[in-house]
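Take a walk through this structure, one part at a time. Keep the sequence at hand as you read.

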Amino acid sequence: MDSRLLTSAVTLRVNGTVHRLTLDNRSTLLDTLREDLDLTGAKKGCDHGQCGSCTVLVDGRRVNCCLLLTVACDGSEITTVEGLSDGWSLHPVQEAFLARDAFQCGYCTPGQVCSAVGALREMAEGRPSAVTVGTEPPSGAAEIRERMSGNLCRCAAYPNIVRAVGDAAERAAEWWERTP
Amino acid sequence: MRTLRYQRPEGVEAAVSAVNATPGARYLGGGTNLVDLMKLGVETPDLLVDVSGLPHHDIEELPGGGVRIGAAVRNSDLAADPLVRTRYPVVSQALLAGASDQLRNVATVGGNLLQRTRCLYFQDAGKPCNKRAPGTGCPAIEGVHRNLAILGASPHCVATHPSDLAVALAALDAQVLVEGGTGPREIPLTELHRLPGDRPERDTVLEHGDLITHVRLPAAPEAVNSAYRKARDRASFAFALSSVGAALEVRDGLVHRVRLALGGVAPKPWRARAAEERLRGAPATPEAFTRAVEAELSVAEPLRDNAFKVPLTRHLAVRVLCDLAGRAGGPR
Amino acid sequence: MDILRTPTDLAQRGHGGVGESASRPDGVLKVTGEFAYASDLWARDMLWGHTLRSPHAHAEIVSVDTTEALSVPGVHAVLTHADLPAATHYGLEIPDQPVLAGDVVRYHGEPVALVAADHPETARRAAARIRVEYAELPLVTDESTATAPGAPVLHPNRSDHYADRVPHPNVVHHQPVRRGDLAAAKARAEVVVTGEYELGMQDQAPLGPESGLAVPAEDGGVDLYVATQWLHVDREQLAPVLGLPRELVRLTLSGVGGAFGAREDLSMQAHACLLALRTGRPVKMVYSRDESFVGHVHRHPARLRYEHGATRDGRLVYVRGRIVLDGGAYASSSPAVVGNAASLGLGPYVCDTVDIEALALYTNNPPCGAMRGFGAVQACFAYESQMDRLAAELGMDPVSLRQLNAMSQGATMPTGQPVDAPAPVAELLRLVRDRPLPPPRQWETAVGTGTGFDLRALPGGLSNTTRGEGVVRGVGYAVGIKNVGFSEGYDDYSTARVRLEVVNGEPVVLVHTAMAEVGQGGVTVQAQIARTELGVAKVVLHPADTRVGSAGSTSASRQTYMTGGAVRNTCLLVREEVLRLGRERLGDTHPGWRGDGLWLRDGAVVTAGGEVLADLAQVLGDDVIDLEREFRHRPTEPLDPENGQGFGHVQYSFCAHRAVVEVDAELGLVKVVELAAAQDVGRAMNPQAVVGQIHGGSVQGLGLAVMEEIVVADGARVRNPSFTDYLIPTILDTPTMPVDVLELADEHAPYGLRGIGEAPTLSSTPAVVAAIRAATGLALRRVPVRPEHLTGT
């Protein structure tokens, strides 16, 4: 087989920078970020979509990038934990995780932070979760817990994560206004 | 993972012919299950035909009250759709009970229906498994099977189908719209998945090259009063031990319309037709619900370690029905 | 050699001394994704290592053929047992574990061969082409198969120091603890309860898999960047295996993604170094998640039988216990786990007559060793279950029964050791009991749902469909005792290097230890201690490496005590040196220099009264004070092999829990509504981090109670090596966890502190199970408790 068929040209916009890459079709977005783009913030905790450590935002939505083939992300806008800060200050979610000590070993933290950013946006958009009752706008600790349940933390910094995400909720909304 | 080619076809026809032409080809939707299985060596495609760019992203209201859902609609988008949330809450609830937000943001409707079993032996490419490697045997029957089937299994396979969405769709008599080599056709969702019999390697009736393009939900007024409930080993982000999707309409204390399907207990989403049959016209009481569900489960053949799923499923189903009856104004 | 993302100094200019909730010096790096974990390392020209593992739990290796694997393009080396350059075995205490299996494999997943290749996928594919012929052998899987007549002896010709005193060669270690006259006590007992208990195999499941980077050095040595719990003990095991003097084996700690005991033993360390030395290229190894599940030791599954005798009024008269721990194929830390289980097997109670024996087996199951709680977890589940049974038998309140028998300072352990520090067991129980209970039936009182009814508060959450009719609340209590630090005569020490200098007019302290920061916040506490003792705002933490003396392991709840103690002592010596220099250079300038009680504050030398004598810049000038010192806790003694008597432990740590659960008995679903803890920490060095540790330990105990178990089946194979099949608690499974912290100083310990990391893991499990028992009336002798155990089917 012509080995050129086994690779593809892919354009990704990652944290605002455009990258043109030629990649093996098997490459996952997680491996591309970590091995080709030197962005090791997203972590390989399980590589099977079961822990959430690799959570990044693709076109604004949080995803487990270990299960995405990079070739299928051609043309996507990707934000990793490294791209959340605006260059001057930390993202409100990062600030809140620091202030609440919402981590111990920190390995799951990049995924938790990206997931929280995505979750807050989904809540702001009124998207339901399994615990959303009726059509009222989702808010509160029960919603945060349900929506963050795809991110495992073995240190179990969970109580502080709930608080951190709650703290960040209002500030994050402002943040999105400023940095679309 | 094996080396592979990747294509983004221009249209449905191109997609179908690309897969038809290549025995080792697979359609790629969100990939949350397929890529996982490729990493495990369970799936070894040499061509991926990416159908996520095909025009199957819409959720459309149909004349007469039904809804047509594109196969490429993301699980989270379907769950959040206002029409689906009001007319078919069981669908939204089933989706939101499964996986995590990160997975639901990627997984598609078509892919969800075609996900493969979570049986440990199927997932372990180093072990025998009739579903993965026909004729090698089923170690689950004597092995680790706590979460496997109590209904519809065979001596060749006791796997369960893992989809939550499919259970809701089975209850609603959804139709699956398929494009294949011979043109479009519709398959009732309840007939999409197969029981294993002596061919457990075939999960569905689809032929190689068949592409799910849409799922059509027929009008079902009783579905306004519907619910999906799921019991699992932890509070979230776990597959079902047992699940129930149901819709109920009660008139004058009697069951007027009922839809009931069970998940996590069979090789396919299990439409509980025997129970429905008994319930039509019966009083909407816990006793009647219990008798009906027991009738459905009377054919259960649990394995050594999963007998608990029989009463678990009975309790879950009866409660869902009671709850729906309560909401419908019937006694509970 | 270009190496990316090696650990760097952590500099922090801030406030927060001992007793304050100072922030983590590595915090910003962790929330921005810049913190370099071992799996993030990269070196120019590096190769990727892969391990071929045994598909059988017990088999003879008939032949190994690497020809085909070596011919795969991109492969640089394939190593088997025959290629090992020096020592062929290693082990924490007993070197019984082959670096690569030789004639025989003893567990499923045992490393057999190694491949280095230019891509991880190439290495994996090449490993699959190594032809190994096995002849399967009969399995030893439990006590009966291990000690049956004619049972295969897994480690023939043992020469370890337990070999002569074990009852069977498949017993790693056996420790009785006997005290008092059992026959007489039995005659006195008015009530006797017996019970058998079982714990499944728990996994530490750190989110960061085993990983590291080995870089060959020009001097013939090797530099290893690795996620581990104890750099120096890794080096002690590596040097003989590599055939190198230990000074040529240099380790640097990389970012550690959780540990919990899983990184106490070697995993990929020797393998990566061997491949690097063979190929002359840097070699990176990262385990996949399923490999991690077989690539580290687990918590010992256990079977326990207890008999408690008491008087009618509830005083313990005697306690007998037999604790059988499955150690799996290799010794790992089984002997110490046995010592803990036996010596702590009574629990935090007073009883004059005790007859407890603990033993660990060699089997063909996965090797078991260190996990948070280490032998004390297993015993606590059993003795606390027994205390509840005894209370029920006596018709007593379970908390009152515990308080009646609770130990306190001055009590005597079953080992004869006096408890010579505060032991506020009854008080901890009181604290959790006196907390107001969470409101019952919260699903009815929840507001804002519009229905006056909130399914989310029910067991199973929205998956539930009752209105709570079948839901029963239960409340359960438990308390536990854990030793802190290394016991039984081990020469336990830690080392700290502290350097003080003035840079650009600002005094700067550099703290350099080999302590493994695994998330516990040890680096935070080191900086707090330096700020407190040296009065300096800017503290720089040097990466942990083997250029400084050993810090001992980040385990046994010991690092704040030991490395904290080492940093403190070295700081005090640095301070003495500052004062000496000050007196020498400036003593004539102010009479205050002649007084006692001088100390350092805000970058200056001050008198006891707070008067500033001189800035550190004035005292030091361009001089640098750079000291490295060891710190030891008071010595302990080995336990007597016959009766377990001896001053075995340095310090004890106590935690109590009250669990409130709501159980849907029909569905078998449990919701832990609240898990309240009370713990004596001696001194809360960093209150925020203390609460974090208590939360973390409590949730891991909750996981063992209701969901976590490695399934070993189909010929002793790990059947659920994934996070879909081995479930750990999510944020949604985590209850409200109020914490009471007592600070009763232990005068033997620095700052009076007490090691805290493990105690909360002990009592959490039995408290949750007790609550489920209270709700259901079921006996529940085994954890984890699953739905099928509650529905009676």
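Domain bounds here come from an automatic or database domain assignment. For chain B, that assignment gives domain 1 (5-52) and domain 2 (225-327). The model is a predicted one. The C-alpha centres of domain 1 and domain 2 of chain B lie 36 Å apart.

Look next at β2(B) and its partner β3(B), residues 47-50. These two pair in the parallel sense over 4 bridges. Tyr27(B) stands opposite Val49(B) in β3(B).

Now turn to where chains B and C meet. Chain B brings 26 residues to the contact, and chain C brings 28 residues. On the side of chain B that touches chain C, β9 (226-231) and α13 (309-327) of chain B each supply at least two residues. The most comes from α13(B), with 7 residues. What kinds of residues make up this side of chain B? They divide into 15 nonpolar, 4 polar and 7 charged.

Finish with the nonpolar core. In soluble globular proteins, nonpolar side chains tend to be buried together. The largest nonpolar core in this model has 434 residues. Those with the most contacts inside it are Cys273(C), Ala530(C), Val661(C) and Val768(C). Take Ala530(C) as an example. Leaving aside residues up to four places away in sequence, Ala530(C) touches Val498(C), Val509(C), Val511(C), Val536(C), Val539(C), Val567(C) and Cys571(C).

Terms used
Residues are numbered from 1 along each chain as its sequence is written. Chains are lettered from A and ligands numbered from 1 in the order in which they are written. This is a predicted model: local features need pLDDT of at least 70, side-chain atom pairs count only at pLDDT 80 or more; totals for chains, interfaces and linings use all residues. A nonpolar core is a set of buried Ala, Val, Leu, Ile, Met, Phe, Trp, Tyr and Cys residues joined through C-beta atoms within 7 Å. A residue is buried if 20 or more other C-beta atoms lie within 10 Å of its own, exposed if 12 or fewer, and partly exposed in between; C-beta atoms are placed from the backbone. Two residues are in contact if their C-beta atoms, placed from the backbone, lie within 7 Å. Ala, Val, Leu, Ile, Met, Phe, Trp, Tyr, Cys and Pro count as nonpolar, Asp, Glu, Lys and Arg as charged, and the others, Gly among them, as polar. Two strands pair if DSSP finds at least two bridges between them.
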